[in-house]
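Biologist: Can we go through this model together? I would like to start with the pocket and then move to the core.

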Amino acid sequence: MNVSEYDFVVIGSGPAGQKGAIAAAKARKRVAIIDRAVMIGGVSVHTGTIPSKTVREAIFQLTGFAVKALYGNGRRNRGEISVQDVSSRVNAIVARETEVIRAQLKRNGIAIHQGIAHFLDPHTVEVQGDGEGTSVKAGKILIACGTRPAHSPESP
């Protein structure tokens, strides 16, 4: 098993994890970030803010509603839209945002380890990915693994 050593490791690549990792990198620390391959950017990019706002905007764009709101109902409608049209637009935006985040991390010299993190001890994390596991050691570890929506016990 490979063992990589850093000054600072962040578990989670959402907004908090990104900012923590970049701040440490700018302070000249050796930094790594750990997250699942499909979640670089966190919930914000994959299931939260970015997709929900993209769906809304895609519907406005594809129906011509955005143009109607600006110029009145005199503009023609763009026709029927499908779920696939909206889904395709959302997937393209999510992919672009993921690459922007990945590039920002790399530009700041931050190593990216993709997989699920498991603590072996207070300063060592094992990353279980698709291939062979990797151990990551660091003096400081930030757990920025995001959030889940709150659920009311009164609502299923």
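This is a predicted model: local features need pLDDT of at least 70, side-chain atom pairs count only at pLDDT 80 or more; totals for chains, interfaces and linings use all residues.

Biologist: What volume does the largest pocket have?

Modeller: The largest pocket has a volume of about 520 Å³. Its lining has 24 residues, and the closest to the pocket centre are Gly12, Asp35, Arg36, Cys145 and Gly146.

Biologist: Which elements give two or more residues to that lining?

Modeller: Helix H1 (15–26), strand E2 (31–35), helix H2 (42–46) and strand E4 (116–121).

Biologist: And how do the lining residues divide into nonpolar, polar and charged?

Modeller: Twelve are nonpolar, nine are polar and three are charged.

Biologist: Now the core. Which residues have the most contacts inside the largest nonpolar core?

Modeller: Val10, Ala21, Val31, Ile33, Leu105 and Ile110, in a core of 18 residues. Strand E1 (2–11), H1, E2 and H5 each give two or more residues to this core. H5 has the largest share, with five residues.

Biologist: What does Val10 touch?

Modeller: Leaving out residues up to four places away in sequence, Val10 touches Gly17, Gly20, Ala21, Ala32, Ile33, Ile34, Leu142 and Ala144. There is also a second, separate core of nine residues, with Tyr6, Val9, Ala32 and Val127 among them.

Biologist: Different topic. Is Val83 buried or exposed?

Modeller: Val83 counts as exposed because its relative accessible area is 65%, and exposed means over 50%.

Biologist: Where is Val83 found?

Modeller: In helix H5, residues 83–107. The C-alpha atoms of Val83 and Val55 are separated by 10.0 Å, and the two residues are 28 apart along the chain.

Terms used
Residues are numbered from 1 along each chain as its sequence is written. Side-chain values use heavy atoms; hydrogens and water are left out. On a 1 Å grid over the protein atoms alone, a cavity is a set of points where a 1.4 Å probe fits but cannot get out, and a pocket is an open set with protein on both sides within 12 Å along at least five of seven lines; lining residues have an atom within 4 Å of a point. Grid points are joined across faces, edges and corners, and a volume is the space filled by probe spheres set on the points. Helices (H or I, at least four residues) and strands (E, at least two) are DSSP runs, numbered from the N terminus. Ala, Val, Leu, Ile, Met, Phe, Trp, Tyr, Cys and Pro count as nonpolar, Asp, Glu, Lys and Arg as charged, and the others, Gly among them, as polar. Buried means under 20% relative accessible area, exposed over 50%, partly exposed in between (1.4 Å probe, protein chains only). A nonpolar core is a set of buried Ala, Val, Leu, Ile, Met, Phe, Trp, Tyr and Cys residues joined through side-chain atoms within 4.5 Å. Contact means heavy atoms within 4.5 Å.
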